[in-house]
Structures are given as C-alpha cells and as structure tokens.
Number of protein chains: 2
Amino acid sequence: MTEVILHEPLDMHLHLRDGDMLRTVAPLSARSFSGALIMPNLVPPITDGEMLRAYRHRILEAAGENCFKPYMTLFFKPEYDFDFLAPLAEEITAIKLYPAGITTNSEGGVSGFDVETLRPALEAMSELGIPLCIHGETGGFVLDREREFVPIYEELAVAFPELSIVMEHITDAVSLEALERHPNLYATITLHHLLITLDDVVGGMLQPHLFCKPIAKRPEDRQALLHAALNAHPKVMFGSDSAPHPRHAKEAPGCAAGVFTAPVALPVLAELFARHGKLEKLQHFVSTNAREIYQIDPPVKKVRLVDTPMQVPEKYGEVVPLFAGREIGWSIADVEC
Amino acid sequence: MTEVILHEPLDMHLHLRDGDMLRTVAPLSARSFSGALIMPNLVPPITDGEMLRAYRHRILEAAGENCFKPYMTLFFKPEYDFDFLAPLAEEITAIKLYPAGITTNSEGGVSGFDVETLRPALEAMSELGIPLCIHGETGGFVLDREREFVPIYEELAVAFPELSIVMEHITDAVSLEALERHPNLYATITLHHLLITLDDVVGGMLQPHLFCKPIAKRPEDRQALLHAALNAHPKVMFGSDSAPHPRHAKEAPGCAAGVFTAPVALPVLAELFARHGKLEKLQHFVSTNAREIYQIDPPVKKVRLVDTPMQVPEKYGEVVPLFAGREIGWSIADVEC
C-alpha cells in the first residue's frame, strides 16, 4: 500500500455558494481541507464587512466541527479605498476581481482595466498587504481569452509592484510564462485543468459536467500546467475552483460553467502525483506554497491518503461531482485535527 | 420587399436517418430542395445496391409528392472494386468515406489511409466517374483534426487525379487553401459553419444544439468560409449536414453531434447573403456549383424567398431545429415544381 500524509491541505479557490447548496458542499471541503479561499460571487456579491462576516458565519455553521478555516474574500470594486479596507484587513485574505460578465455571477465586475481608475483601490491593497485575485479572461474568442489577459496581469504587476496578484485557475501555458517575469505574480491551478483538455469537453460527445471557465485548452497547455504542479513550482498553488451547480443547470441547454471537484480533489491529486512519481511534491502544491504566498497559518489537520480505491457517488445532493459513479484509485484513509 | 428566386436548390450533404425520424425530416428537405446527397451512415450503413434501393424507396415514400430527388451514396469500404461498383454506377451519385469512429455511426469506417490499400476502390471510382466524399478528420486534438487531415486529402488528390474528391463540411481556413492546389478537390460548407464559431458552442453557456462535428472553429475560419460561400467559389457547394437527433439525445450528458438546419436552411441562407449584398451569388452556392461538380440534372423546382419574417417552431417532432422558437428575417413565399 502506498500512502501520503498531507498537513494542512488548502484549497485556494473555492465556491461554496449559499443556502441549501452551501450546506451540501461546505462539509465536503471542510472534511479534507484545513482551509479554503472562499469566492465572493454570491448574488449579491460580498462587498462589505457585514456581508462578509455573515457569510463567514454561515459557512462555519454549514461546515460543522471540522477544523476548517474559510479564508474570506471581497468582490472587488474600484470604489474600495484605504479608509474602507483598513478596518477589514484582518478579516479578509484577498479581494477577488472579476471582469464584468465573464463567468457565473460576475455581472457587477470590472469593465476595463485602466490603471488610474484602479489605482486608489490597488494602492490601498498594496499598503494593507491584501492580495488581489483575478479571473483573468477578456471578452475575446474563447480560446484566446486568457492569453489576451496576460498583458493586463503584467501591466498591473508592474504598476503595483507591492501588490501580490494571483492569476486564478490558469489554463494556458503563456500564463505560466508570465509568472517568471514578475515577482509579484502567482497562480492557482485547478484539479480538472490538470486532467482534461478541450477534447474531453467537445472532442467526443459533449460533456457538460466538464464545461468550465476558463475552458480547458490544448494538450500542450495541460502538459505545462501539470509540469508546474508536479514540480511544485513555488508560485503555484492548488485552487480547485470547485463550482457546484444543481444537475438540472448542468444538463440542459445553456449549461452553467463549473466542475464540482471538492469531494474528490485530494484523492485524485494523490493518484495523479503518485502516477508521475511526484507524491513528495504534493504537500507543496496543496499547502506549503499557499502558506508562504498568503502568509497564512491554517488550522492543524493531518490527512492520510492511501491507494485504496473508492467509489465516487453519482451525486452529492443535487450536484454531480467529477468522476461521478466511477472508481478512483486513491481515497482518504483518515483525517486528524 | 426583397426576394430571391432559387432554381433547383440542392443540399449536397444531408442526413435523413430512417424510420420515424426519416418520416419527420424528409418532407422538410423535400419541400424546399430539388435534391439532396443522402448520407449512408445508417445502422447498419448502406453498403450494397439492395440496401441503397430500399433506402431510396423509403426516402421517396417519406418525402411525399415534392419533386425531390435523393442522390444516393454508399458507405465506403476498401473492398469495393470495379466489378462491384460498375453495375451500381447509375444509382449512386457518390461514395462517402468515414474515418472509423470519427462521427455518428462511423464505426465501420476506414482505419488508416494507405493509398495502396485504397487503390482498387478509388481507381474503380475514378474509372466509373463516381466522386468520393470524405469526412476529413483525424483522431487528433479536436481543433486540429481537420487541418491534420488536409495532407491526406492532398495525397489522395494527387494519387487519383481523375477522382473527384469532396471535402465535406469544411470548417478550417486551411481546407479552403487546399482547394486551390488540386483541380480534383471540391468542398461542401454547412449553414451553421457560416454562422457560428466555437464561441457560440462553449464561449458563453454551453449550447448542445450547436455542438457538431467538425466542431465550429475560430472567427477567422468562419470568415474564410463565409468569403468562399458569399462569392460562390466554383469548387464550393452548400451541404447542410443537417443531422437530426431527438431532443433527449442532444440535451443530456454525452450529447450527440449535429445541428438540425434543414427546415430553415434556405431562408437563413437568403438572409445571410442579403445582409452581405450577395443575394445574386446564392443560386451558385446552393445549386449551380453542385450541378457542375456532380454533373447532375435535378428536378425542376422554383423556390421564392422573401424578407418576410417567420417564426421557427420549437421542435419538428422530437427534433430541435437551429433558431428554435426564434424569428428569422426571411421565409419561403412559394415553391413551384
């Protein structure tokens, strides 16, 4: 039997939604992760301290007794300034910026990336040490959206050298290259973008449960992402972007974007890293790098993963997970906290 | 009011299926087209004269009294030789070659494109003047499949210079370039590939009713196809690839590939050509070119299209058409035959 013990695993990009959905999915992340960066794109989005505290409270209630820390984020608004952010700095781990209309519940996001318009907010964040997380896609052709956004990442990285900028859920090899050029650029990579390409979504039959934003790209892009993850590139963190939608919203025309990976993320990552002989790097990818980049100290938790197969449920509540109904090669043996 | 009168419109790539589906869709094509090249990928595929004649009979029965001629095709097998094909030559308009497993009901297709293996069949076809239609995709990455197939088209065009080869439902600008290099290469273009790109399939929400093979490509590819169609490139013909699937097969995970365009094809083409000030080229794209390339003389039919809007039904039987439930700008005013 092969095993790996992960300490304080972290999911640095997680959608927990709200209400019944929150109650369904929060325990699944809380069970195996020590903490997660919680995306703020609710309806309406989380844009002040009161909403943030109330959401944090609902998350903790839904998560149960699991030694799980939700790292909270605000939904970026150009109006945020030092006076607004300073009193909140201790309660927020990052601020998430969405270009307007680019993904689920992003309608209130930013239109245009004029540095001067963004300056008050981004300087305040620099000063307060609050990282900026960005869903970096333009409104261009679907396969070009991320690479077209890279110059915007770079312009912001240069204009705000003290600001940590996280390129969220990168899918394109050119995004990795940008990491090398700017000390203050970081990135998250999802599980599904390590596994699939556009072929898996539209190459055979159409697979709505693998439809996500950014869309999975070419085999050479996946290969580059996999190389960065397996070798625990120090500027790269695991962020699942696990995004639950009820089954009816995924399996109808106008299918919503998102892959629900939270409940299988750690076993599947262990299987993937083991297959590539890189198990010893997994700790860095799912925890160490994030702790250093975000300067966070998550609740103690020890997750033991073993190469004993598990059967993935068809659904969790109304949500169909990655590998639904299939057997995966690894499973969680026990969790201590 | 603007109008255009089309004489003997032809759909040079049509899926009519069989049984109830045939009875649902055949009248829709027969109403507005003078003839159509009928794809042979039934289950089992059409591979001999008896099957072909029986299918032709079922099509005519389903089509009703509509002055409609089904131009029949066989499903290509390398075993076909002169002795087999010669007695059928008058009854078949073309032979359709599918790479094995590349699309709906193509499991019995060709694996590998070794010229010597294909020589007996393709020389017999050359001698008998039977064109070869090919679904030209490799098993590669979904966006590269057609461009990877172009060298195979070219190798066949050179090896069999007397054989007319039709590159079916082309979607990639490089396929158009190949047309210029070989006198015996021709192409069909669908309606949907003149209208959509990959953005329309996966760029917003996922749209299963626009999922087809080959998958729609980049904006510059669509632009090149549109340029060829609107200018009535003499080697390019309209072939709808209209491919009906029951709604439940399109709107579930594992969605089947195909767009059902037959009932709206002529009005939408008229609207498209009119918008680009190219109405006078439509006759070539939907009839004249095909008549010359295939040397066919279809039943007399006069279709008058006008810029009076029509409401597209939500469904025809169980099949959801392109623009279901929406208004389109043109309609068929009358048909004479």
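**Figure 1. A:Leu118 and its surroundings.** With 21 C-beta neighbours inside 10 Å, A:Leu118 counts as buried; a residue is called buried if 20 or more other C-beta atoms lie within 10 Å of its own, exposed if 12 or fewer, and partly exposed in between, with C-beta atoms placed from the backbone. The model is predicted: local features need pLDDT of at least 70, side-chain atom pairs count only at pLDDT 80 or more, and totals for chains, interfaces and linings use all residues. Residues are numbered from 1 along each chain as its sequence is written, while chains are lettered from A and ligands numbered from 1 in the order in which they are written. A:Leu118 belongs to helix H4 (residues 115–128) of chain A; helices (H or I, at least four residues) and strands (E, at least two) are DSSP runs, numbered from the N terminus. Not counting residues up to four places away in sequence, A:Leu118 touches A:Pro78 and A:Phe113, where contact requires C-beta atoms, placed from the backbone, to lie within 7 Å.

**Figure 2. The eight-stranded sheet of chain A.** The strands of this open sheet follow the order E2-E3-E4-E5-E6-E7-E8-E9, with parallel pairing; two strands pair if DSSP finds at least two bridges between them. Strand E2 (10–14) and strand E9 (236–238) of chain A stand at the edges with a single partner strand each, so one side of each has no neighbour in the sheet. On average, neighbouring strands are turned by 25° against each other, direction ignored. Helix H12 (residues 282–294) of chain A packs on this sheet and touches E2, E8 and E9 of chain A. The direction of H12 makes about 125° with that of E9(A); axes are lines fitted to C-alpha atoms, for helices over the stretch in contact, and angles run from 0 to 180 degrees between N-to-C directions.

**Figure 3. Strand E8(A) between its two partners.** Five of the five residues of E8(A) are buried. In a regular strand the side chains alternate between the two faces of the sheet. Here A:Leu185, A:Ala187 and A:Ile189 are buried on one side, and A:Tyr186 and A:Thr188 are buried on the other. E7(A) pairs with E8(A) in the parallel sense over three bridges, and A:Leu185 is the bridge partner of A:Ile165. Strand E8 (residues 185–189) is also joined to E9(A) by three bridges, again running parallel. A:Val236 in E9(A) is the bridge partner of A:Ala187.

Figure 4. In helix H6 (residues 173–181) of chain A, the buried residues are A:Ser175, A:Leu176, A:Ala178 and A:Leu179. Seen down the helix axis, they fall within an arc of 155°, so they line one face of H6(A); the arc is that of the directions from the helix axis to the C-beta atoms. A:Glu177, A:Glu180 and A:Arg181 are exposed on the other side. The cover over the buried residues includes helix H5 (145–159), strand E7 (165–167), E8 and helix H9 (219–230) of chain A.

**Figure 5. A:Leu210 in a loop.** A:Leu210 is placed in the loop between helix H8 (198–203) and H9 of chain A. A:Leu210 is buried, with 21 other C-beta atoms within 10 Å. Leaving aside neighbours within four places in sequence, the contacts of A:Leu210 are A:His192, A:Ile196, A:Asp200, A:Val201 and A:Val259.

**Figure 6. The three-stranded sheet of chain A.** This open sheet has the order E1-E10-E13, with antiparallel pairing. Strand E1 (3–7) and strand E13 (331–336) of chain A are the edge strands, each pairing on one side only. Five bridges pair strand E10 (residues 302–306) with E13(A) in the antiparallel sense, and A:Ile332 in E13(A) is the bridge partner of A:Leu305.

Figure 7. A rotation of 180° with 0.0 Å of shift along its axis superposes chain B on chain A (RMSD 0.0 Å). That is the relation of a two-fold axis. Copies are superposed by least squares on the C-alpha atoms of residues with pLDDT of at least 70 in both. The same surface serves both copies, as 96% of the contact residues of chain B recur in chain A. In the interface, 24 residues of chain B are in contact with 23 residues of chain A. Helix H8 (residues 198–203) of chain B gives the most to the side of chain B that touches chain A, with five residues. That side of chain B comprises 16 nonpolar, five polar and three charged residues; Ala, Val, Leu, Ile, Met, Phe, Trp, Tyr, Cys and Pro count as nonpolar, Asp, Glu, Lys and Arg as charged, and the others, Gly among them, as polar.

Methods:
Contact = placed C-beta atoms within 7 Å.
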